Amino acid sequence: MYVAVKGGETAIANAHAWLDEARRGDPSVPELTTDQVAEQLTLAVDRAMSEGSLYDPGLGALAVKQARGDGIEAAFLLRAYRTTLPRFAASLPVDTGAMAVRRRVSATYKDLPGGQVLGPTFDYTHRLLDFALAAEGYAPARSEEAEPGEDAAFPRVTGLLAGEGLMAPEVASDEEPADVTRTPTTYPATRALRLQRLARGDEGFLLGMAYSTQRGYGNSHPFVGELRQGSVAVTIVPEELGFEIEIGEIEVTECEMVNQFKGSRSEPPQFTRGYGLTFGRLERRAMSMALVDRALRAEELGEDATAPAQDEEFVLNHSDNIEATGFLEHLKLPHYVDFQSELESVRAMRAQVEAERAAPQAFKEAAE
Amino acid sequence: MTGLLPGFADPVVDAQSTFRAVLEAMARPGRVQRLPAPPAPPAPLSPAAGAVLLALADGETPLWLDAGADASEWARFHAGCPVAADAGGAEFVLAVGTPPALSALEAGTDEDPHRSATLILQVAALEEGTGWRLTGPGIEHEHRLHVTGAPDGFLAQWAANRALSPRGVDVILCAGDRVAALPRGTSIKEG
Amino acid sequence: MSGYNFAYLDEGTKRMIRRALLKAVAVPGFQVPFGSREMPLPYGWGTGGIQVTAAVIGPDDTLKVIDQGADDTTNAVSIRRFFARVAPGLRTTESTAEATVIQTRHRIPETPLREGQVMVYQVPQPEPLFRLEPRRAETRRLHALADYGLMQVKLYEDIARHGRVASSYDHPVMVGDRYLMSPSPIPSFDNPKMHMSPALQLFGAGRERRLYAVPPYTAVRSLDFEDHPFVPLRANGRCTLCGSGESYLDEVVTDDRGGRMFVCSDTDYCGTRQARMKEAAE
């Protein structure tokens with residue numbers, strides 16, 4: 001006899017218990033601590049913080065651990081936590097010009113004031129599995145590269161170009177930007193809103209979109225004007241004090257892409273900028289963001305906007321991986337009521353087709 | 001100002017029950033709802049008008065009101081809403097006297113008809129069963145609503161407002177501890 | 001769950017949703033954008049419905065949650081448990097008649113709704129035109145102009161090709177003769193229940209950040225043509241458990257040789273009928 005499937009509380013509780021067990025893995029292997037995650041899986045934590053829009057390496061590490069290393073799930077945990085937090089203040093814009101730089105490269109000049117600082121990068125590593133890492137007691141060699149001094153100055157490449165009048169100026173605005181986490185985006189969106197959405201967008205999606213612009217889907221001729229990574233101070237102005245106080249430092253990566261612009265009737269030929277800024281040390285992410293930002297400026301700069309990466313509504317509405325994965329994964333939920341209605345509908349349509357085949361003449365007459 | 005009067009006794013539960021009454025009122029135009037736990041706001045605000053204000057207005061909703069300094073101070077303190085100098089720029093317009101003309105309030109746009117003002121209109125009394133004849137969404141056949149103290153010429157203004165539909169101003173009528181509502185799509189005929 | 005506000009959402013968020021709901025009721029069928037929050041459940045799991053319910057319910061309410069018509073499906077159980085945890089005092093029920101707020105995914109109960117009840121629909125895609133015009137900037141304009149020619153053409157093509165309208169669920173409706181609206185993915189069988197319903201119907205789409213409403217006693221017309229009137233479909237059969245020949249049925253496959261049976265999708269309706277039959281027999 002048929003028994004209805006009961007997906008009751010016990011089943012859910014059991015599934016959760018099993019998940020906990022699976023997360024822990026073999027209990028004879030020592031458990032991972034969140035400190036270890038925060039210190040040794042930094043880029044996974046950085047990505048969870050970026051897509052989760054919450055800067056807290058400790059919580060990021062917890063999220064990565066709880067999510068069993070799944071980046072989107074980790075970002076989701078941070079977002080869901082973030083929405084419950086009270087807001088004490090809005091910080092002032094961070095000054096990336098005053099960044100304590102750990103890494104800074106420019107592809108446009110061989111050398112420049114402040115110099116090229118390679119910093120800790122994968123760039124010139126040979127991608128050979130390092131079996132020494134699998135052994136216990138591994139101690140890394142001491143780094144010989146000197147850290148830039150505290151007072152080292154790193155003038156921006158885009159500033160150097162601007163000094164020559166070759167860089168299109170950005171329009172400064174004191175207008176309070178809308179908050180994408182609180183207001184639904186309507187289109188066309190402002191650049192401030194676009195950058196917010198891109199900053200928390202899925203890295204894979206941004207990368208794919210950026211890559212498409214390099215392959216001719218959207219005409220861009222990008223150069224990495226500058227990529228810089230390091231820590232910046234976060235400051236607020238508490239209402240009761242009325243002056244700035246520093247509340248901490250965050251690690252960020254900033255990318256300014258320099259793109260040629262042929263000029264228009266009102267503007268002379270010059271360079272324009274695509275901008276990327278992300279929490280942590282996520283260069284690929286900052287670069288992708290900068291390329292997509294530049295692609296989305298097509299209309300503003302009077303260029304043809306025909307490629308997917310230049311389509312603002314398309315890009316922004318599909319960049320959020322928490323939204324995307326939710327809607328995709330919800331297909332796992334029961335849909336049998338709708339499927340039943342499809343079954344009835346397809347059966348009815350087939351019956352009609354079969355009846356027509358069996359007696360075409362009668363149908364023809366009826367139709368006439 | 002003689003000391004600030006309190007707002008809701010239980011801000012969470014009272015805001016919810018007030019909202020539900022207003023929702024029910026908006027969904028069934030002309031039906032009168034009694035608020036279970038309204039605050040005692042400073043005169044001349046009625047408990048109902050005070051409750052609606054606290055339940056719906058906050059720092060994100062510019063408010064225009066004509067109820068005097070005590071009421072303004074009370075609204076600012078408990079709801080935290082910015083006070084608009086011009087009723088045309090307000091999301092909530094609270095009138096205890098003759099209200100601004102409906103046509104002077106924000107009516108929304110064709111694409112954003114929800115961006116319209118809500119007029120919280122304090123009147124002397126609200127009774128079901130007699131008076132105006134209301135029809136439209138939310139009403140099965142006809143609702144009767146007797147409004148004591150409606151502003152002069154209100155029905156003519158209302159007809160013009162209704163003609164804007166789906167744009168238009170929505171009205172929440174308040175008297176004592178009672179509320180009734182007139183969403184923009186409601187048609188009103190003299191009783 | 002101490003540390004969280006009643007019904008999880010903070011009061012500011014509730015007020016924002018409540019204001020949007022009042023405007024939604026005042027403009028029946030119009031999709032009101034709202035500042036949907038990230039919920040502790042994934043998008044697609046009913047975050048819009050949950051936010052609407054959280055903004056509406058109070059400790060005096062009795063909440064029923066169904067998915068596919070059933071109170072005991074996993075997600076319905078999970079959402080009901082969520083509210084039981086975060087809304088102290090709230091009663092939950094499986095009975096349609098007892099409920100004051102009913103959150104649903106994909107069904108409208110068989111038991112007729114009454115005044116004083118609030119239906120909350122979980123909506124995956126609030127834009128009825130999205131398959132025909134994916135740009136929301138454009139569909140917004142079409143709604144403003146009440147230009148629904150695209151949909152008329154689509155339905156007409158269905159008829160020309162299949163002899164009937166091919167949408168079997170989420171069949172678009174006109175609300176109050178003004179706005180084209182998605183009834184959410186309910187089977188077209190349920191569409192007529194929306195028309196002139198005594199209950200207030202609220203719709204929440206969390207991921208798409210829209211909510212909308214149908215006030216009680218409001219005309220809700222399923223799109224059709226005079227010569228091809230809308231026909232709600234159900235499986236041609238009776239419920240094996242309660243014998244109902246009127247309710248919407250789920251088809252259950254019983255073996256791999258084509259064996260199947262039908263049971264009510266609405267578990268409360270079916271259970272009540274079975275209990276009555278048992279009483280009558282005794």
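Helices here are DSSP runs of at least four residues, and strands are DSSP runs of at least two, both numbered from the N terminus. With that in hand, chain B can be read along its sequence as α-β-α-β-α-β-β-β-β-α-β-β-β. That pattern holds four helices and nine strands. Keep in mind that this is a predicted model.

Stay with chain B for its overall form. How does its radius of gyration compare with that of a compact globule? A compact globule of 191 residues would have a value near 16 Å, and chain B has 16 Å, so the two agree. Along the principal axes, the C-alpha atoms of chain B fill a box of roughly 45 × 35 × 30 Å. Burial comes next. A residue is called buried when 20 or more other C-beta atoms lie within 10 Å of its own. By that count, 54% of the 191 residues of chain B are buried. Now consider the contacts in chain B between residues at least 6 apart in sequence. Of these, 63% join residues at least 24 apart.

Turn to chain A and its sheet. Four strands of chain A form an open sheet, in the order E1-E2-E3-E4, with antiparallel pairing. Which strands sit at the edges? They are E1 (100-105) and E4 (270-279) of chain A, and each pairs on one side only. Neighbouring strands of this sheet are turned by 20 degrees against each other on average, direction ignored.

Look inside the sheet at E2 and E3 of chain A. Strand E2 covers residues 222-236 and strand E3 covers residues 245-261. Their antiparallel pairing runs over 14 bridges. To place one of these pairs, find A:Leu227: its bridge partner in E3(A) is A:Cys255. Helix H9 (residues 283-295) of chain A lies across E2, E3 and E4 of chain A. Against E4(A), helix H9 of chain A runs at about 140 degrees.

Last, see where chain A meets chain C. The contact takes 34 residues from chain A and 50 residues from chain C. Which elements of chain C give two or more residues to its side? Two are helices, H3 (74-86) and H4 (136-145) of chain C. The others are strands, E11 (249-253) and E12 (260-264) of chain C. H3(C) gives the largest share of that side, five residues. By class, the side of chain C that touches chain A has 20 nonpolar, 16 polar and 14 charged residues.

Terms used:
Residues numbered from 1 in each chain as written. Chains lettered and ligands numbered in written order. Predicted model: local features only at pLDDT ≥ 70, side-chain atom pairs only at ≥ 80, totals over all residues. Pairing = 2+ DSSP bridges. Axes fitted to C-alpha atoms, helices over the stretch in contact; angles between N-to-C directions. Contact = placed C-beta atoms within 7 Å. Nonpolar A, V, L, I, M, F, W, Y, C, P; charged D, E, K, R; others polar. Rg over C-alpha atoms; globule rule 2.2 N^0.38 Å. Buried ≥ 20, exposed ≤ 12 C-beta atoms within 10 Å, placed from the backbone.
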